[in-house]
Amino acid sequence: MGSAPVNAIPGEDPDREPEPGIGLCLSGGGYRAMLFHLGALWRLYETGRLRDIARISSVSGGSITAGLLALKWRSLSFDPARVEDDFLREVVAPLRGLADRTIDVGSVLFGLVLPGGSAAQVAAAYRKHLFGPATLQDLPDSPRFVLNATNMQSGVLWRFMKPYMRDYRVGEVKKPTVLLAQAVAASSAFPPVLSPLRMALDPKTFSPPKDEDLHHEPFTSKVFLSDGGVYDNLGLETVWKRYKTVLVSDAGGKLQPEPKPKTNWLQHSYRVLNVIDNQVRALRKRQLIDSYIAKQRDGTYWGIRTNVADYKVPTPLPCPFDRTMRLAETPTRLARMDPLLQERLINWGYAVCDAALRRHVDPAIPAPTKFPYPKAEV
């Protein structure tokens, strides 16, 4: 795939042409990402584009939003005139309810003394407040939702989907009955404090091996999963390899300068890892944009750090760059968020998604007349 933003894995044809269809990628970023993507989905719903998406791939905080959207998909009318009736009720309200709660601190503390560690506590919180007893088998057949985690044993992507969960080195389990809350918790197991999520498996449930080099115990009996963004920070791989049109919503953070970096081995190692992640994220974004320019893929990218003026669309919603950059600095946490900040993040995701769609997908889309939360602005 040359300078493509993803790499071919064993058994894939790097020259395979993408099929017609639209894929949407939702990055990580804790509650910041959850709400920013929620605004983007709101605009996609209003324009009638959301129902046409064939695949939604997510990592980390983006998987919280994607997981609830998947669970509520059959309850949505996709009538733009009813966005406040069903989308607001079924998707927006529960996610904002979660953003009213801090779940990371308690998960870390209880994870020190209870079985399963902090990731298990996060999964319990997701089950209580969002997903209930739903499993991957409660997701719709179409569109295909892919919740991505990173297998820390094999070092590659672990995909949770309705038809199967799979690691190309370990193998696949068809029709998994994993709790949706557990899959989302694995995808959003931010290292180091919320990672890993330990998941016990029955080796007998795996399909017969197809040359997977790690298709044996202990890899098939217990997996250690971390944030999907560790391997693929945009959730891009499973969409870019398959579809011609790729939409990317990026709420990822940015490495901040540190005048006096810590020198103890633990904190210094964490800083080094963040530098590496920042470089990988920047490279993948550049390669994605290059793929649009080279006509390898259609679609568009919008990010929480984008200057909306760069899209040069008529009558964009007012989004001063200094104010949106302050939103981009929201910490990557699962911590209670002020209602006004929630509304501004949703408004910002909505506005920048609109500008990207009208600039690069369909200039005929009517410009919105107001934010989802007009009084909050950005």
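The largest cavity is lined by Ile 9, Leu 157, Arg 159, Arg 166, Asp 167, Tyr 168 and Glu 237. This is a predicted model, so to speak of local features a pLDDT of at least 70 is needed, side-chain atom pairs count only at pLDDT 80 or more, and totals for chains, interfaces and linings use all residues. Residues are numbered from 1 along each chain as its sequence is written, and side-chain values use heavy atoms, with hydrogens and water left out.

What counts as a cavity here? On a 1 Å grid over the protein atoms alone, a cavity is a set of points where a 1.4 Å probe fits but cannot get out, while a pocket is an open set with protein on both sides within 12 Å along at least five of seven lines; lining residues have an atom within 4 Å of a point. Grid points are joined across faces, edges and corners, and the volume is the space filled by probe spheres set on the points. Searching the whole structure turns up one cavity of 30 Å³ or more, and the largest cavity comes out at about 60 Å³. Strand E4 (156–160) and strand E5 each give at least two residues to its lining; helices (H or I, at least four residues) and strands (E, at least two) are DSSP runs, numbered from the N terminus. Sorted by class, the cavity lining holds three nonpolar, no polar and four charged residues. For this sorting, Ala, Val, Leu, Ile, Met, Phe, Trp, Tyr, Cys and Pro count as nonpolar, Asp, Glu, Lys and Arg as charged, and the others, Gly among them, as polar.

Next comes the second largest pocket, with a volume of about 530 Å³. Its lining is made of 22 residues, and Ile 9, Glu 12, Arg 159, Arg 166 and Lys 241 lie nearest its centre. Strand E5 (164–167) and helix H7 (237–240) each supply at least two of the lining residues. Charged residues number 15 in this lining, alongside five nonpolar and two polar ones.

Moving on to the strands, seven of the eight residues of E9 (residues 243–250) are buried, so this strand is largely enclosed by the rest of the structure. Buried means under 20% relative accessible area, exposed over 50%, and partly exposed in between (1.4 Å probe, protein chains only). Which strands pair with E9? Strand E1 (residues 19–26) pairs with E9 in the parallel sense over six bridges, and E9 also runs parallel to strand E10 (residues 298–303), joined by six bridges. Two strands pair if DSSP finds at least two bridges between them. Thr 245 of E9 is the bridge partner of Ile 22, and Thr 245 also stands opposite Asp 298 in E10.

At 0% relative accessibility, Ser 27 counts as buried. Its side chain makes a polar contact with the side chain of Asp 250 (3.4 Å); such a contact is a pair of N or O atoms within 3.5 Å, where, within protein, one must be able to donate a hydrogen and the other to accept it, and residues adjacent in sequence count only if both atoms are side-chain atoms. Beyond its neighbours within four places in sequence, Ser 27 is in contact (heavy atoms within 4.5 Å) with residues including His 37, Asn 233, Ser 249 and Asp 250.

Ile 103 belongs to the loop between helix H3 (83–99) and helix H4 (104–111), and is buried at 7% relative accessibility. The C-alpha atoms of Ile 103 and Leu 334 are separated by 5.8 Å, although the two are 231 residues apart along the chain. Tyr 31, Ala 125 and Tyr 126 are also among the residues that Ile 103 touches.

Helix H6 (residues 180–187) is mostly covered, with seven of its eight residues buried; among them are Leu 180, Val 184 and Ser 187.

Most residues other than glycine have a negative phi, and most peptide bonds are trans. Between Pro 191 and Pro 192 the peptide bond is cis, with omega near 0°, and the bond from Ser 195 to Pro 196 is cis too, again with omega near 0°. Pro 192 lies in the loop between H6 and strand E7 (197–200). Lys 175, not a glycine, has a positive phi of about 45° and is exposed at 61% relative accessibility. Thr 315 has a positive phi near 45°, and this residue is exposed as well, with a relative accessible area of 57%.
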